[in-house]
Structures are given as structure tokens and as C-alpha cells.
Amino acid sequence: MVQRIDVTGTDGVRLAAWEFADPPKERAEGERAPAVLLLHGLMGRASHWASTARWLTERHRAVGLDQRGHGRSDKPSGGPYTREAYVADAEAAIEQLGLAPVTLIGHSMGALTAWQLAAKRPDLVRALVIADMRASALGAASQREWEDWFTSWPVPFATLADVRKWFGEDDPWVERPNPARGEFFAEVMAERSDGWRPVFSRRQMLESRATWVFDAHWEELAQVRCPTLVLRGLDGELGRAEAQEMVRVLPRGQYAEVADAGHLVHFDRPEGWRAAVEPFLEQLAEDARDDREPVSP
């Protein structure tokens with residue numbers, strides 16, 4: 001069972017948070033299940049974390065956030081869609097839902113939000129998982145490519161099957177058929193009078209991306225003091241050398257990769273994703289237990 005909880009973000013924007021199932025009950029009296037906040041990437045939505053949430057809820061309170069401009073959250077025409085707004089929204093969700101200290105699991109843009117928040121408010125964040133997000137600047141050419149890509153979408157799509165086929169096979173960005181990618185985009189479409197269209201504004205997505213694509217984010221990464229797992233899909237956008245440099249820059253960084261996974265690593269290969277992330281979370285739990293053990297006199 002998934003429960004929707006409305007959160008008030010910065011500037012009064014209404015955000016939809018989703019609690020996946022009830023938190024585990026088998027705990028000592030007064031002890032709360034550790035919380036995880038799941039932050040999707042650009043164009044994503046909280047529902048993309050459903051398979052992850054299913055195994056997380058065995059031991060954690062798992063909450064996904066539809067970030068502003070995405071999913072069921074507000075999409076103010078005038079924004080703002082700045083880095084500061086996204087970070088403040090996540091901060092508000094943690095505080096209003098009583099999640100701190102929380103483990104942040106972020107994909108792509110959501111991972112950047114996670115590490116910027118951890119640098120800003122270390123008191124709120126227990127640990128981080130950074131999934132396939134680069135710390136280097138991508139530059140103007142990358143933004144122009146995205147503008148051209150958005151223009152190439154054959155919107156509206158007549159059916160959801162057309163959505164799956166185009167994003168999974170026909171999209172010029174697809175090197176080989178990828179049904180998972182087609183399913184990913186089918187989840188961010190809504191039926192209108194003329195066919196299926198994205199639930200987000202492509203203009204707003206470009207505005208959002210423009211607030212981070214031109215800059216490098218190494219300095220903020222180095223300010224993250226909590227345990228952090230940097231994870232990449234072997235065929236994703238984050239290269240191995242850059243990922244390992246990110247681990248080196250992080251005071252408490254670790255590295256993992258998922259074979260046969262692309263940028264949508266948690267969606268492409270959910271079993272490989274779990275196998276990479278779960279040991280990190282288990283180590284956090286073990287460390288927390290050790291911290292609570294009484295010290296012998």
C-alpha cells in the first residue's frame with residue numbers, strides 16, 4: 001500500500017510525497033525504523049522507485065518525493081526550478097515528515113540534490129547513495145543536445161504502446177532495444193484529448209537542467225561528511241574514472257557498479273541495483289548497532 005502525503009516546499013509549492021507500505025514493526029520499544037528518502041532524476045517520479053521501496057520497507061521507512069515540476073507535485077509556470085529550490089524542497093520534506101537523520105538515495109539530478117543537501121544540512125542526513133550523477137560540468141553542448149532531443153519527440157503519442165516503442169527502440173538516443181527505458185517513460189505520460197503527453201513541461205525540464213549543467217559540483221561533494229556510496233551503471237553516463245575520483249574526494253566514499261545497466265540503473269537492473277546498495281545499508285545498520293552497544297567499564 002502506498003500512501004500520499006502532501007508536503008509544503010519552498011515558496012509554498014505543494015509536493016507529493018509517497019510512503020511505500022508501513023514501516024517495519026519488529027523493533028525495540030520506542031525505536032524508529034531508519035528512514036530513506038528517494039529522489040528521482042530529471043523527468044522521473046517517485047513511482048520509479050517502487051521496486052526499490054519493496055525491499056527497503058523490510059527494514060526501513062521508505063518515502064519517495066515527486067520533486068517540483070514532476071509527478072503529482074505542483075508545476076508552477078514561473079518556477080523557480082533552481083538548485084536552491086530543489087534542495088530546500090527536500091529539506092522541507094525531511095523536516096515535515098520527521099525523517100531525520102535520513103539516508104538519501106538519489107538518481108541523476110536527485111543525487112545532486114542529495115549531496116547538496118548533505119553539504120548544507122549534515123544534521124539531517126545519515127548517509128547517501130549517489131546513482132549515476134556526474135560532479136563535472138557537462139557544458140553548453142550537452143544542453144543543446146537535450147533541446148534538440150526534446151524537439152524530436154513525436155508528441156502526442158497515440159497509445160502507451162507507441163510510447164514504449166519510441167523510447168525503448170526508435171529514439172535516436174537508444175543504441176540497442178531497451179524495454180525498461182520504454183516502461184520508464186510510459187510512467188511519465190498522461191492521456192489527453194489528443195493522445196499521450198508527458199506529465200511534465202519539457203521547457204521546465206530544460207530550465208531545471210540549466211541550473212546545474214554548466215557548473216561543476218566537486219566543492220559541495222567534498223563537504224559531504226556522511227558515508228556515501230557512488231554507484232554507476234556500467235553503460236551509464238558516469239564513467240568509472242570520474243566515479244572513482246568522486247569517491248576519493250568524498251571523506252567517507254565507497255564505490256559500486258552494476259553490470260549491463262545504463263543510466264536508469266535502478267530501473268534497468270533492479271536485482272543488480274539491490275545487490276550493490278543493500279550491503280551498504282546493512283553496514284550502516286551494523287555501525288548504528290555498534291554505536292548503541294554499551295561500553296564495558
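Student: Between which two elements does the loop that holds Pro80 lie?
Tutor: This is a predicted model, in which local features need pLDDT of at least 70, side-chain atom pairs count only at pLDDT 80 or more, and totals for chains, interfaces and linings use all residues. Residues are numbered from 1 along each chain as its sequence is written, and side-chain values use heavy atoms, with hydrogens and water left out. Helices (H or I, at least four residues) and strands (E, at least two) are DSSP runs numbered from the N terminus, and on that basis the loop with Pro80 lies between β4 and α2 (83-97).

Student: What is omega for the cis peptide bond that joins Gly79 and Pro80?
Tutor: Pro80 belongs to the loop between β4 and α2, and the peptide bond that joins Gly79 to Pro80 is cis. Its omega is about 5°.

Student: Where is omega of the peptide bond from Val155 to Pro156?
Tutor: Pro156 is found in the loop between α4 (140-152) and α5 (160-170). The bond from Val155 to Pro156 is cis, and its omega is near 0°.

Student: Does Met43 count as buried or exposed?
Tutor: Met43 is found in the loop between β3 (35-39) and α1 (50-56), and its phi, near 75°, is a positive value in a residue other than glycine. Buried means under 20% relative accessible area, exposed over 50%, and partly exposed in between, with a 1.4 Å probe and protein chains only. At 4% relative accessibility, Met43 counts as buried.

Student: And does Asp260 count as buried or exposed?
Tutor: Asp260 has its place in the loop between β10 (253-258) and α10 (265-268), with a positive phi near 60°. Its relative accessibility is 53%, so Asp260 counts as exposed.

Student: Which residue in β2 is the bridge partner of Thr8?
Tutor: Two strands pair if DSSP finds at least two bridges between them, and strand β1 (residues 2-8) pairs with β2 in the antiparallel sense over 7 bridges. The two form a hairpin with 5 residues between them, and Asp11 in the turn has a positive phi of about 65°. The partner of Thr8 in β2 is Arg14.

Student: Which residue in β4 is the bridge partner of Ala16?
Tutor: Of the 7 residues of strand β2 (residues 14-20), 6 are buried, so β2 is largely enclosed by the rest of the structure. β2 also pairs with strand β4 (residues 61-66), in the antiparallel sense and over 4 bridges. There, the bridge partner of Ala16 is Asp66.
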